[in-house]
Amino acid sequence: MSKVFLVTGGNKGIGKEIVKQLGLHGHTVYLGARNVEEGRNIAEAFEASGLDVRFVYIDLTDVNSQKEAADHIKSKSGLLDGLINNAGMINDFDLASSVSLESLRETFETNYFGTVMVTQNMLSLLRAGERKVIVNVSTGLGSMAMHGDPSWPFHGTNPLAYNSSKAALNMFTVLLAKELRAEGFRVNSVSPGWIATDLGGEQAPGTPEEGAAIAVECALEGNDSQTGLFRTTGGTIPW
Ligand SMILES: NC(=O)c1ccc[n+]([C@@H]2O[C@H](COP(=O)([O-])OP(=O)(O)OC[C@H]3O[C@@H](n4cnc5c(N)ncnc54)[C@H](OP(=O)(O)O)[C@@H]3O)[C@@H](O)[C@H]2O)c1
């Protein structure tokens with residue numbers, strides 16, 4: 001049966017592919033984007049190809065946009081079955097010894113504060129939904145355990161602002177999963193892998209389709225699936 005999902009940052013990269021794959025499974029997908037023109041055009045192109053994709057304006061740094069998006073979804077669909085917190089950014093690769101306060105603040109504003117606030121603003125819609133899935137798109141770069149392994153291929157990728165914002169996001173996953181477990185929610189962090197997008201860069205080996213796969217898997221699996229995990233395709237990652 002058709003379900004209702006919201007994907008943030010759905011206008012390009014991994015998010016656009018998550019929107020497409022959920023749409024191809026026959027679900028209604030709200031494509032959240034802060035770029036109105038691009039978001040609307042892409043939603044219309046998906047609609048023209050037969051998918052039920054609807055644009056909704058969401059800026060992670062603008063709480064009002066999130067409340068208005070929730071009101072809009074409530075008036076049109078009445079609920080959400082799943083929220084895929086995909087939107088994210090990286091400002092720079094500055095190291096812990098020198099990164100600016102401004103960069104730290106900007107990065108946390110989107111990747112952490114924004115994601116927490118979008119989730120809070122969508123929670124009543126998710127409580128009304130049947131599936132109760134929340135997927136936080138994180139990264140292996142946010143894993144403290146992986147950074148402790150000198151043989152890890154990304155051991156040398158150390159932008160403090162980005163990595164720590166995703167580590168904070170992972171803690172949000174763990175605590176929200178514990179808090180909402182009794183209500184039947186499944187809240188997980190996922191690592192899409194290193195994917196060729198504007199954020200990942202052209203040299204990345206993975207395609208957006210491959211990057212979207214684990215988020216889509218979490219969104220669509222049965223109601224008995226696990227919660228509070230850090231997942232990637234084929235397994236889990238240590239926090
Ligand atoms: N690519 C990788 O290798 C990789 C690896 C691990 C994790 N990730 C994660 O995967 C997610 C998607 O990244 P991507 O690779 O697909 O990057 P991308 O192509 O640059 O897409 C990022 C998306 O996030 C949106 N976004 C950024 N700031 C926003 C804000 N304040 N409000 C609303 N939307 C905002 C962007 O909107 P605009 O178009 O308006 O900028 C865009 O839609 C991110 O959370 C990223 O951290 C990516």
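Two helices, α1 (13-24) and α6 (160-180), each give at least two residues to the shell around the ligand; helices here are DSSP runs of H or I with at least four residues and strands are E runs of at least two, numbered from the N terminus. This is a predicted model, where local features need pLDDT of at least 70 and side-chain atom pairs count only at pLDDT 80 or more, while totals for chains, interfaces and linings use all residues. Residues are numbered from 1 along each chain as its sequence is written, and side-chain values use heavy atoms, with hydrogens and water left out.

The shell itself runs to 27 residues, with Asn-11, Asn-86, Tyr-162, Ile-195 and Thr-197 the closest; to be counted, a residue needs a heavy atom within 4 Å of the molecule. Sorted by class, there are 12 polar, 10 nonpolar and 5 charged residues in this shell (Ala, Val, Leu, Ile, Met, Phe, Trp, Tyr, Cys and Pro are nonpolar, Asp, Glu, Lys and Arg charged, and the others, Gly among them, polar).

A polar backbone atom of Asn-86 sits 2.7 Å from a ligand oxygen, and a backbone N or O atom of Gly-9 is 3.3 Å from an oxygen of the ligand. From the side chain of Lys-166, an N or O atom lies 2.9 Å from a ligand oxygen. Of the 890 Å² that the ligand exposes when taken alone, the protein buries 93% (Shrake-Rupley areas with a 1.4 Å probe; for residues, only the protein chains shown count as cover).

Turning to the loops, Lys-132 falls between α4 (101-128) and β5 (133-137). Its phi is near 55°, a positive value in a residue other than glycine. Lys-132 is buried at 15% relative accessible area, where buried means under 20%, exposed over 50% and partly exposed in between (1.4 Å probe, protein chains only).

Thr-227, in the loop between α7 (208-220) and β7 (230-232), is also buried, at 12%. A polar atom of the Thr-227 side chain lies 2.8 Å from the backbone nitrogen of Val-187.

Gly-78 belongs to the loop linking α3 (63-76) and β4 (82-85) and is partly exposed, at 35%. Between Gly-78 and Leu-126 there are 9.7 Å from C-alpha to C-alpha, with the two 48 residues apart in sequence.

Terms used
A polar contact is a pair of N or O atoms within 3.5 Å; within protein, one must be able to donate a hydrogen and the other to accept it, and residues adjacent in sequence count only if both atoms are side-chain atoms.
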